[in-house]
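Dear colleague,

My notes on it follow, and I would ask you to read them with the structure open beside you.

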2 protein chains.
Amino acid sequence: MSELKNDRFLKALMRQPVDRTPVWMMRQAGRYLPEYRAVRTQAGDFMSLCKNTELACEVTLQPLERYAMDAAILFSDILTIPDAMGLGLYFETGEGPKFRKPVRTEADIENLQVINTANDLGYVTDAVTMIRRELNGRVPLIGFSGSPWTLATYMIEGQSSRDFARAKTMLYTQPELMHQLLEKLALSVIDYLNAQIRAGAQAVQIFDTWGGALSHSAYAEFSLAYMKKIVDGLITHHDGRDVPVILFTKGGGLWLEAMADTGCHALGLDWTMDIAAAKSRVGHQVALQGNMDPAVLRADPATIEAQVESIMRGYGQGSGHIFNLGHGITPDIDPDHVKVFVDAVHRFSEN
Amino acid sequence: MSELKNDRFLKALMRQPVDRTPVWMMRQAGRYLPEYRAVRTQAGDFMSLCKNTELACEVTLQPLERYAMDAAILFSDILTIPDAMGLGLYFETGEGPKFRKPVRTEADIENLQVINTANDLGYVTDAVTMIRRELNGRVPLIGFSGSPWTLATYMIEGQSSRDFARAKTMLYTQPELMHQLLEKLALSVIDYLNAQIRAGAQAVQIFDTWGGALSHSAYAEFSLAYMKKIVDGLITHHDGRDVPVILFTKGGGLWLEAMADTGCHALGLDWTMDIAAAKSRVGHQVALQGNMDPAVLRADPATIEAQVESIMRGYGQGSGHIFNLGHGITPDIDPDHVKVFVDAVHRFSEN
């Protein structure tokens with residue numbers, strides 16, 4: 001593989017000094033870009049795009065052509081694992097992801113097999129390999145997976161949910177069954193992320209989109225414990241470099257200390273968290289990634305710049321900050337505003 | 001008015017000793033009760049029920065007939081103020097509240113008038129008066145309002161929202177206009193809650209349902225500042241008693257210290273917060289209300305009892321705890337499970 005020309009993202013994740021704050025955006029390869037929408041139309045539906053190695057590679061690289069991003073993130077979906085388990089992932093226009101065969105009974109869960117990435121999700125590792133080749137060392141590539149709890153909510157509900165009625169009922173009335181499901185998912189995620197790392201992913205992020213819907217104690221037992229298991233099971237060193245792990249629990253601001261104690265390298269922060277407070281709580285232990293409200297990108301350039309500066313000032317001196325949004329960019333954002341955002345991060349952080 | 005026979009709710013809000021932990025449930029007069037559904041059918045739509053003094057009184061009292069609740073809460077909606085401002089509140093089956101005339105432009109906001117409760121919302125104070133008479137001192141009556149920010153989100157979006165695109169765009173691009181709207185709403189809420197207090201509400205709760213969608217700094221400036229203004233403007237003493245104020249920001253666990261500093265008497269906690277941690281952070285300043293995940297009510301009786309006991313043990317010794325759910329009860333709950341819940345609170349807290 002060619003030498004990495006821009007390693008400030010990887011360095012910042014390890015809290016090593018960098019010349020300026022690295023930046024990338026969750027969902028940076030996405031619908032706000034007209035060139036993405038063109039490829040998506042060409043591919044057909046969303047999953048066909050994920051499974052088409054060349055097109056997945058193409059959209060992964062699109063934001064790098066426009067913006068001075070310091071990392072690329074594999075174009076894929078958080079729900080590839082349950083899809084590979086046979087649940088039948090599909091997307092209806094204007095709605096979130098759905099499963100044709102949700103998991104509802106003990107038998108459903110007992111019949112689930114831990115996935116084998118090489119056999120079941122080769123299209124993902126193929127995309128990683130091709131993206132690394134096409135990146136040619138420009139910036140590092142991030143691999144990712146949904147967290148076991150987040151995957152479980154979609155698998156049980158069959159779709160996204162407002163209050164997770166079925167998943168929480170199982171959690172409270174059949175905790176052993178829920179643990180059985182989460183255990184299979186954790187083992188699958190370990191296999192999946194390690195396969196991404198072997199194929200070339202230089203850092204990995206675990207997206208715990210729905211951990212914040214749990215109570216304090218249920219979060220520790222049903223979400224965080226399985227993310228820790230994953231952190232413990234990941235390849236820590238590959239191809240001459242550490243492989244940093246980022247944990248992102250949306251709505252997890254109350255639990256930063258426990259998250260940092262998993263041994264991960266960085267925490268993703270949503271926009272509700274004051275980054276200065278987060279740094280004083282866990283900044284001695286982990287790097288911090290975030291955390292501008294994606295809604296700010298709807299505002300005028302001066303407002304975007306002021307918000308970037310405020311977060312930059314909040315983090316203050318010292319290494320260990322990766323700039324990002326507090327959640328994925330939304331489809332309605334003007335691509336020119338993203339340029340304002342990325343350039344502002346660079347300008348305000350140059351030494 | 002007749003003498004109050006059960007004042008443990010009011011005493012706990014003032015952090016005075018009580019014989020056992022008081023309990024009530026957000027949305028306790030609601031669709032999970034068959035007798036509520038019968039009255040609702042009789043009334044027609046939801047707003048007709050709110051505006052019918054006798055029926056609103058009847059449904060307010062229904063949960064007290066079944067359960068040993070320590071407080072009643074006025075049956076009404078958080079969006080009565082914008083409705084009184086002329087926005088035309090309505091409810092479509094299976095969907096949340098909507099407004100016929102959302103607020104979108106500077107002119108829309110300039111034309112809004114601060115409400116005068118006596119003229120515009122007499123049906124609410126009439127209901128308070130009748131409920132107090134019918135309660136006949138059994139338990140105290142809670143009045144309530146939505147917070148200015150929460151009202152503003154519905155007024156601008158025209159309905160509930162996933163990411164508050166319009167409201168946040170206004171907040172970031174026209175902050176002065178947003179402040180003008182929030183100022184009118186805060187003055188209206190003060191008038192509204194004081195009218196409820198004069199009519200007989202013995203405590204009031206401000207529901208900040210969507211404060212948790214804001215960034216740390218936007219929450220302070222656009223939601224909390226206006227709740228503080230309201231706390232400062234409320235009648236503190238009426239009919240020989242203090243009138244305690246409860247602030248409830250869903251998703252506000254990161255901001256408890258700032259909320260307590262408003263001078264309110266109690267904080268409502270959602271279920272993501274560890275009540276022991278909340279007590280050690282702000283329990284010397286305010287009472288705490290909450291905070292069982294409403295989803296627990298879907299579980300079996302033994303699980304409900306175990307969760308109640310765990311929260312009770314989390315709060316531990318000392319006065320100042322009002323048991324509640326972390327959010328409103330959902331329509332799918334078995335009414336018998338609510339009895340298990342209420343009885344468990346009483347049993348586990350008796351000295």
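Two strands are said to pair if DSSP finds at least two bridges between them. Please keep in mind that this is a predicted model.

I begin with chain A. Strand S5 (residues 203-208) and strand S8 of chain A meet this definition, as they are joined by five bridges and pair in the parallel sense. Across this pairing, Asp208(A) stands opposite Thr249(A) of S8(A). S8(A) also pairs with strand S9 (residues 266-268) of chain A, again in the parallel sense, here over three bridges. In that pairing, Leu247(A) has Leu267(A) in S9(A) as its bridge partner.

How many of the residues of S8(A) (residues 245-249) are buried? Five of its five residues are, and the strand is thus described as mostly covered. Both faces are covered: one side carries Val245(A), Leu247(A) and Thr249(A), the other Ile246(A) and Phe248(A), and all of these are buried.

One further residue of chain A deserves attention. Leu288(A) lies in strand S10 (residues 287-289) of chain A. Why is Leu288(A) classed as buried? A residue counts as buried if 20 or more other C-beta atoms lie within 10 Å of its own; Leu288(A) is buried because 27 other C-beta atoms lie within 10 Å. Beyond its neighbours within four places in sequence, Leu288(A) is in contact with several residues, among them Leu267(A), Ile275(A), Tyr315(A) and His321(A). Leu288(A) and Arg15(A) are 273 residues apart in sequence, yet their C-alpha atoms are 9.3 Å apart in space.

I turn now to chain B. It holds an open sheet of seven strands with parallel pairing, in the order S1-S4-S5-S8-S9-S10-S11. The edge strands are S1 (72-73) and S11 (321-322) of chain B, each of which pairs on one side only. S1(B) runs parallel to strand S4 (residues 141-146) of chain B, and two bridges join them. Within this pairing, Ile73(B) has Ile142(B) in S4(B) as its bridge partner. Helix H12 (residues 216-233) of chain B lies across strands S5 (203-208) and S8 (245-249) of chain B, and runs at about 165° to S5(B).

Lastly, the two chains touch each other: 25 residues of chain B are in contact with 26 residues of chain A. On the side of chain B, helix H10 (residues 165-173) gives the most, with five residues. By class, this side has eight nonpolar, 10 polar and seven charged residues.

Yours sincerely

Conventions:
Residues are numbered from 1 along each chain as its sequence is written. Chains are lettered from A and ligands numbered from 1 in the order in which they are written. This is a predicted model: local features need pLDDT of at least 70, side-chain atom pairs count only at pLDDT 80 or more; totals for chains, interfaces and linings use all residues. A residue is buried if 20 or more other C-beta atoms lie within 10 Å of its own, exposed if 12 or fewer, and partly exposed in between; C-beta atoms are placed from the backbone. Helices (H or I, at least four residues) and strands (E, at least two) are DSSP runs, numbered from the N terminus. Two residues are in contact if their C-beta atoms, placed from the backbone, lie within 7 Å. Axes are lines fitted to C-alpha atoms, for helices over the stretch in contact, and angles run from 0 to 180 degrees between N-to-C directions. Ala, Val, Leu, Ile, Met, Phe, Trp, Tyr, Cys and Pro count as nonpolar, Asp, Glu, Lys and Arg as charged, and the others, Gly among them, as polar.
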